[in-house]
Amino acid sequence: MSSRAIAALYGATMGLAGFLLFQVQPVMAKYILPWFGGSAATWIVCMLFFQLALLAGYAYVYVVTRPLSLAWQVLLQITLLAAVLLLLPITPSDGWKPMASGDPTWRIILLLAASVGAPYALLATTSPMLQRWLAQLPGQIEVSRLFAVSNFGSFLGLLSYPFIFERTLSSQEQTWLWSIMFAVYAALLGLCAWAAWRAASRATPVAGSDAASRQRRGGPPSLWIVYSTLGSVLLLATTNQITQWSAVIPFLWIAPLSLYLLTFVIAFGQQRHYPRTVYAIAFLLFAGLSFLLPTPDSASSLAVAVIVQCLTMFTGCMICHAEMVRLQPEPSRLPAFYLATAVGGAIGGLLVALLAPLLLPDYWEQTLAIVLIAAFALRPEIRRIRERWQARHVGIAAAAALFLVALSVQVLSEITLSRDLVARVRNFYGVVKVLREDGEAPEDASLVMQQAGVDQGSQFLAADRRTEPACAFTAGSGVGQAIFRNATRRANPDAPVRIGIVGLGAGMLAALGRPGDIIRYYELNPAVKDLVDRHFSFVRDSQAKVEIVLGDGRLLLEREVEGGRSQNYDVIVMNAFRGASPPMHLMTKEAFDIYLRHLKPDGVLAINFELDTLEVAPLHRGLAAASGLDVSWVETASENGCEDPISWALYTRDKGFWEVPEVKAAMSPWRDGSQSRLLWTDRNSNLMSIVPW
């Protein structure tokens with residue numbers, strides 16, 4: 001086989017391996033996301049698993065290639081490949097769906113290990129293993145070009161997912177297609193192994209030059225790991241931050257990950273594109289700006305915030321990886337260098353996914369990583385300034401000063417917040433706080449539950465106002481109309497009703513319960529129930545019988561239906577869309593089919609799904625049309641103490657409901673001023689479709 005043919009074969013194999021390595025990450029995360037409540041942490045845990053699997057692949061190559069001859073390496077690789085092919089397809093079993101609430105981190109890791117762990121780890125061995133094989137093949141083959149092909153495949157795998165595969169294939173079809181492409185990869189790897197096997201008998205070891213080795217000893221392995229760890233922490237913490245502001249979608253995972261991958265490409269292949277001082281200044285400025293930006297409240301402000309966060313992450317990771325490559329050792333120690341890089345990535349994943357939720361009460365890991373990277377970036381600059389001050393040092397000095405000012409503002413903001421903080425709990429599902437807010441008058445003082453800076457409900461502290469819900473949850477609000485004007489209540493105002501509510505919040509809707517009513521809450525986050533039990537009294541003071549079931553609302557409702565236990569609700573309330581990472585899997589046609597199997601034929605479905613950053617009105621209308629329901633919008637006015645109130649979409653087949661004078665008076669025009677429709681399904685629910693372009 002000619003050198004050109006071998007280069008083409010090995011390049012195709014490495015390119016396809018890179019494609020599969022990075023595409024499977026959003027494929028698997030998107031598949032299991034609805035099983036774990038649509039939580040942003042699902043992606044972080046997935047990233048942790050893939051970093052550990054990558055480390056396993058690199059460690060395997062490091063251990064195997066040192067003692068074994070080329071022929072034995074080829075034989076072992078083909079044996080493992082044959083075994084892995086028996087594990088396809090990678091479609092996760094429904095048996096992995098969680099049966100109870102609680103931290104699902106280890107369940108996700110075990111799920112991924114069982115479904116895709118072996119294929120992924122084998123893919124991770126491709127580039128380092130084939131590099132070793134190429135070194136013993138005849139002909140002059142430029143390995144760096146083949147790594148460029150591998151990097152191109154990685155980018156293609158990432159960027160093609162949200163724009164092609166996610167839009168055209170269901171999650172199950174994606175796993176099957178990936179499995180088929182893995183089989184193609186297996187065939188290519190088999191040909192590579194055959195070429196290497198043929199060359200094994202003719203391989204002549206190439207002695208390394210001691211003089212060349214002494215020319216570049218590299219830096220200490222501890223610094224390789226530290227730089228890699230900081231880059232990994234910054235990637236995951238930035239992704240965590242971004243997905244707190246919007247729905248959890250693959251595009252918001254892929255954008256930071258693509259930039260992270262780009263920093264490796266530049267650092268390892270284009271060091272001339274890394275002017276150290278320029279990147280240090282840019283990082284300090286972008287990081288300072290990220291500290292000062294408020295929580296996004298519109299599509300434009302969300303775009304700005306995401307861009308600033310991504311630029312901060314890109315420049316920070318560029319510093320980490322370029323400085324790490326500057327410490328790269330002589331060729332004979334490169335396997336240890338690459339292994340240390342993988343170790344650092346895995347440590348970063350462990351810190352963000354496992355340790356940070358246990359040790360840090362809030363999302364402070366991003367700030368800590370930024371401060372550490374800034375210290376590493378400024379260290380060489382400070383050394384040069386001490387040696388001799390020059391005019392060109394003004395830029396870095398000014399950027400450092402602005403960074404410190406912005407950091408001080410953020411720290412002071414946290415200190416101010418802590419003065420009003422009553423309680424704070426962090427777990428897999430996010431950070432939930434209880435704050436005390438003092439109103440203009442003593443009787444207006446209240447406790448407020450918040451997640452990602454968004455109110456989840458509040459309760460007045462004054463004894464005579466303890467049962468008074470906030471403005472968007474009163475009897476005259478949209479959800480109040482559903483509870484007090486539904487068909488059962490119109491026939492008999494004193495008749496008890498059954499109400500199912502997905503999302504507990506502070507439990508304010510329990511205040512609308514009457515004697516004989518049954519209110520059943522479905523709450524994903526155990527910390528929310530704990531805070532309600534300790535700090536809010538709506539549930540225990542309710543006149544209704546209140547039940548709280550922990551777990552993902554859709555999964556629980558689905559299991560109740562499958563068990564023949566339709567709840568026969570008069571009203572179902574979807575109150576799970578405020579705060580961090582609204583669960584998009586609750587707004588698909590299949591989800592509505594589940595709700596309607598629990599709802600009386602003349603019942604009312606009330607949903608507060610509205611996002612300031614997106615336009616959701618077409619989705620409400622499309623879901624109503626597909627489900628045979630009428631839908632109207634009930635806007636909550638920003639007056640009488642209502643600050644940034646939520647509003648409601650009401651769905652029902654009950655024609656008489658819309659004729660009730662109070663309901664008629666409450667109905668509002670749609671915010672988008674149109675009648676366009678959009679339908680989401682479990683197969684196709686793309687956030688891009690509700691961006692107000």
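## Asn427 and its surroundings

The side chain of Asn427 reaches the backbone nitrogen of Tyr429 at 3.0 Å, in what is a predicted model. Asn427 itself belongs to strand 1, which covers residues 421-427. Once neighbours within four places in sequence are set aside, the contacts of Asn427 are with Asn525, Pro526 and Ala527.

## Val434 in strand 2

Val434 is part of strand 2, residues 430-437, and with a relative accessibility of 0% it counts as buried. Not counting residues up to four places away in sequence, Val434 touches Asp420, Leu421, Val422, Ala423, Leu447, Val448, Leu531, His535 and Phe536. For one of these residues, Leu421, the separation between its C-alpha atom and that of Val434 is 6.3 Å, the two being 13 residues apart along the chain.

## Arg465 and its polar contacts

Arg465 sits in the loop between strand 4 (454-460) and helix 16 (478-484), and its relative accessibility of 17% places it among residues that count as buried, since the cut-off for that class is under 20%. Its side chain has a polar atom 3.2 Å from the backbone oxygen of Glu443, and a polar contact of 2.9 Å joins it to the side chain of Asp444. Beyond residues up to four places away in sequence, Arg465 touches Glu443, Asp444 and Phe460.

## Helix 20 and the residues that flank it

Helix 20, residues 553-562, is mostly covered, with 7 of its 10 residues buried. The buried residues are Gly553, Arg554, Leu555, Leu556, Leu557, Glu560 and Val561, and they pack against strand 5 (498-502), strand 6 (518-523), strand 7 (545-550), strand 8 (569-574) and helix 21 (589-598). The N-terminal end of helix 20 is capped by Asp552, which has a side-chain oxygen 3.3 Å from the backbone nitrogen of Arg554.

After helix 20 comes Gly564, whose phi is positive, near 70°. Asn568, which is found in the loop between helix 20 and strand 8, also has a positive phi, of about 55°, although it is not a glycine. The relative accessibility of Asn568 is 40%, and on that value it counts as partly exposed.

## Packing of helix 1 against helix 4

Two packed helices are described by the angle between their axes and the distance between the axes. For helix 1 (residues 3-32) and helix 4 (residues 105-124), the angle is about 170° and the axes are 10 Å apart. Angles over 145 degrees count as roughly antiparallel, and helix 1 and helix 4 are therefore roughly antiparallel to each other.

On the helix 1 side, the residues that meet helix 4 are Ala17, Leu20, Leu21, Val24, Gln25, Met28 and Ile32, and their counterparts in helix 4 are Ile108, Leu111, Leu112, Ser115, Val116, Tyr120, Leu123 and Ala124. Sorted by class, this contact has 13 nonpolar residues, 2 polar residues and no charged residues.

## The largest nonpolar core

The largest nonpolar core contains 117 residues, and those with the most contacts inside it are Tyr10, Leu20, Trp133, Phe182, Tyr185 and Leu284. Helix 1 gives the most to this core, with 16 residues. Phe182, leaving aside its neighbours within four places in sequence, is in contact with Leu20, Leu81, Val84, Leu85, Leu88, Pro119, Leu122 and Leu123.

Leu88, which is one of the contacts of Phe182, is joined to Pro89 by a cis peptide bond with omega of about 0°. Pro89 is found in the loop between helix 3 (70-85) and helix 4.

## Two alanines of helix 7

Ala183 lies in helix 7, residues 171-200, and Ala193 is found in helix 7 as well. At 36% relative accessibility, Ala183 counts as partly exposed, whereas Ala193 is buried, with a relative accessible area of 2%.

Apart from neighbours within four places in sequence, Ala193 is in contact with Val74, Ile78 and Trp133. The C-alpha atoms of Ala193 and Ile78 are separated by 7.5 Å, although these residues are 115 residues apart along the chain.

Definitions and conventions. Residues numbered from 1 in each chain as written. Predicted model: local features only at pLDDT ≥ 70, side-chain atom pairs only at ≥ 80, totals over all residues. Heavy atoms only, no water. Axes fitted to C-alpha atoms, helices over the stretch in contact; angles between N-to-C directions. Helix = DSSP H or I, 4+ residues; strand = E, 2+ residues; numbered from the N terminus. Parallel < 35°, antiparallel > 145°, perpendicular 65-115°, else oblique. Contact = heavy atoms within 4.5 Å. Nonpolar A, V, L, I, M, F, W, Y, C, P; charged D, E, K, R; others polar. Polar contact = N/O pair within 3.5 Å; in protein donor to acceptor, adjacent residues only side chain to side chain. Buried < 20%, exposed > 50% of the residue type's maximum accessible area, 1.4 Å probe, protein only. Core = buried A, V, L, I, M, F, W, Y, C linked by side-chain atoms within 4.5 Å.
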